[in-house]
Amino acid sequence: MCGIIGRVGDGDALEPLLTGLENLEYRGYDSAGVAVQNGAGIKVQKRSGEVSELKRTIDGDPPEGEVGIGHTRWSTHGPPTDANAHPHTDSTADVAVVHNGIIENYATLRERLREADHEFTSDTDTEVIPHLIQQYLDEGYGSEGAFRRAIDELEGSYAVAVMLSGDHSLYAARQGSPLVVGMQDEEFFLASDVPAFLEYTDDVVFLEDGDVAVVRPDGVEFTDVEGNPVDRERQTVDWDPEQAGKAGYDHFMLKEIHEQPTALAQAIEGRTDPDAGAIDLDGFESGTFEDVERVQLVACGTSYHAALYGSLLLNAAGVHATAHLANEYSVAAPPTDGGSLVIAVSQSGETADTLGALRRAEREGARTLTVTNVVGSTAARVADDALFIRAGPEIGVAATKTFSSQAVMLALLARRIVADRRGDPGTDLGAFLAELERMPDRIDDLLETSHAAGIADRYLDSDSYFFIGRGLGFPVALEGALKFKEITYEHAEGFAAGELKHGPLALVTPETPVFAVFTGEEDERTLKNAEEAQARGAPLVAVCPEDHPATEIADAHLGIPDTDSDLAGLFANVQLQLVAYHAADLLDRPIDKPRNLAKSVTVE
Ligand code: F6R
């Protein structure tokens, strides 16, 4: 939801800024721009389109200087035009600003500034910020004072980076949108996310809400908006820049699909002991969940599908659990109290809807826990506790490896909650953990032998794509359809297998392939539902083990291993990711950056 980059140090700022913008494009790619300080004033270059377009524009006339800011945009206020691209400046072009988030009181501020003869050239909420700073500079405040006064007036959610003409520092503030500082020797970075500058440094400080950072050529100062020092931990992130690149794959999404064996191995490493039948979740003492009476999982999109998966596992084990779309939870939450454990599931840990649900749960007195990929993310800090899925950076907008890692993490957590409540781990835990430990190698085999590309080709010109499943196969069907629609732009829907006959069957024709997921739970019934669609002419693609009865009637087959039914759906999901990927590739879609979407949705 917009990516911010800033850089202070010796030498050329442009290259690290453009590298940062390319690394941040997953956050938005409607328009991009940079502002660089060259001693003779600030030079801004910006335009609609992707960073590659900006680079082409800049090529003829690169701005020179040691300090700069940059932005890649996902539009909220105003269409993706050149004028609405960031950075924005005041009328004198002495103040340049990049911003991620929403300034809720921008209309009031703009009116006030207009009355004071400030002229606006864009439709954005952001543009009030440079004008506000300029107003305070005109009133005699120094750079830092003017910045702090302006920030103090903003309402809403923002991460802001500001550069002033003739000043070699950058000024940044965070309220509700992520911002991280990167440090190496005498070069400093500001960014919305760590991969922006990972080629340069892995030494970082995450800002918290209300923080201001002044990034000077000789160091960074962290304060609140009034200037009182705040203590922020400096930490080293263990993501390697290679991981954040494409490593020879055509798309990040394909690379990330193939990273699932590693991601899963990392997710479970040190957390499982099949021999002792024990689950060790970083720092959670044995018995820590013994008082949990009910679990509510809140999440959006793909993470919601993982949350639904987790809720089904908990219910099957006798723990009352419900999964909620985070954006609905704020208006229609079930009763929540001290006996409730509310689990926010979020790859980024920055999704505004999920943070809203988490904060609501805290207000209601629930115990909260975040399952996320990003250490230092807002969700990790807002919740009482955090469990990290350790999937490594995910750049493709379509979530793949993080879904698998979230589901596995929730499967471990579910077993652990059950064990704590019961006071013993149960007899089947060792066998389940052993099966879980086999999973990375088995996904490797599946990736090598998958026929998904052929199936994507065979059904490429269909009218619509249906995905069905029962029990744990249902969230997998939902996820299969979401992945398919978001990157192919073709119509796809996921259904509970038993629901087809209650309406959707009316849409089934020979041009509606049905992908049926078989997890080993009541497969005969799912097969019957699949046959009902097949009888109306739908081609049936069975996602199931080799010797499964469904293969006898299916028109096509995608294989999964014979495994614990709690895990089978996750193998099926990998096959469906591949089908979506290959279909989108054949259709020549921009797979890593599907239209209208962004990786991290920090607006409600
Ligand atoms: C779909 C996708 C989105 C995200 C959703 C939540 O492929 O990636 O549906 O799952 O926007 O994002 P996080 O997990 O960051 O909270």
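The tour begins at the ligand and then moves out to a handful of backbone and side-chain stops.

**Before you click**

This is a predicted model, in which local features need pLDDT of at least 70 and side-chain atom pairs count only at pLDDT 80 or more, while totals for chains, interfaces and linings use all residues. Residues are numbered from 1 along each chain as its sequence is written, and side-chain values use heavy atoms, with hydrogens and water left out.

**Stop 1**

Pick Glu486: an N or O atom of its side chain is 2.4 Å from an oxygen atom of the ligand. Go on to Ser348, where a polar side-chain atom lies 2.6 Å from a ligand oxygen. On its own the ligand has 400 Å² of accessible area, and the protein covers 91% of that (Shrake-Rupley method with a 1.4 Å probe; for residues, only the protein chains shown count as cover).

Switch to a surface view. The ligand sits in the largest pocket. Here a pocket is an open set of points on a 1 Å grid over the protein atoms alone, where a 1.4 Å probe fits and protein lies on both sides within 12 Å along at least five of seven lines. A molecule sits in a pocket if more than half of its atoms lie within 2 Å of its grid points.

Helices (H or I, at least four residues) and strands (E, at least two) are DSSP runs, numbered from the N terminus.

**Stop 2**

Most residues other than glycine have a negative phi, and most peptide bonds are trans.

- Select His86 and Pro87: the peptide bond between them is cis, with omega near 0°. Pro87 is in the loop between β4 (67-73) and β5 (88-89).
- Select Asp185, in the loop between β9 (180-184) and β10 (187-191). Its phi is positive, near 40°, and the residue is exposed at 73% relative accessible area. (Buried means under 20%, exposed over 50%, and partly exposed in between, with a 1.4 Å probe and protein chains only.)
- Select Arg390, in the loop between β21 (385-388) and α13 (401-422). Phi is positive here too, near 55°, and Arg390 is partly exposed at 31% relative accessibility.

**Stop 3**

Is His131 buried or exposed? This residue of helix α4 (residues 128-138) is buried, because its relative accessibility is 0%. Look for the backbone oxygen of Glu119, 3.4 Å from a polar atom of the His131 side chain.

Then select His88 in strand β5, buried with a relative accessible area of 2%. The His88 side chain makes a polar contact with that of Thr124, at 3.5 Å.

**Stop 1: C-alpha distances**

Finish with the distance tool, C-alpha to C-alpha.

- His168, in the loop between β7 (156-164) and β8 (170-175), is partly exposed at 35%. Gly68 is 100 residues away in sequence and 9.1 Å away in space.
- Gly537, in the loop between α17 (523-535) and β25 (540-544), is partly exposed at 32%. Its C-alpha is 5.5 Å from that of Thr509, 28 residues apart along the chain.
- Val601 lies in the segment after α19 (565-586). Between Val601 and Glu144, 457 residues apart along the chain, the separation is 30 Å.

Terms used. Polar contact = N/O pair within 3.5 Å; in protein donor to acceptor, adjacent residues only side chain to side chain. 1 Å grid on protein atoms, 1.4 Å probe; cavity = no way out; pocket = protein on both sides within 12 Å on 5 of 7 lines; lining within 4 Å.
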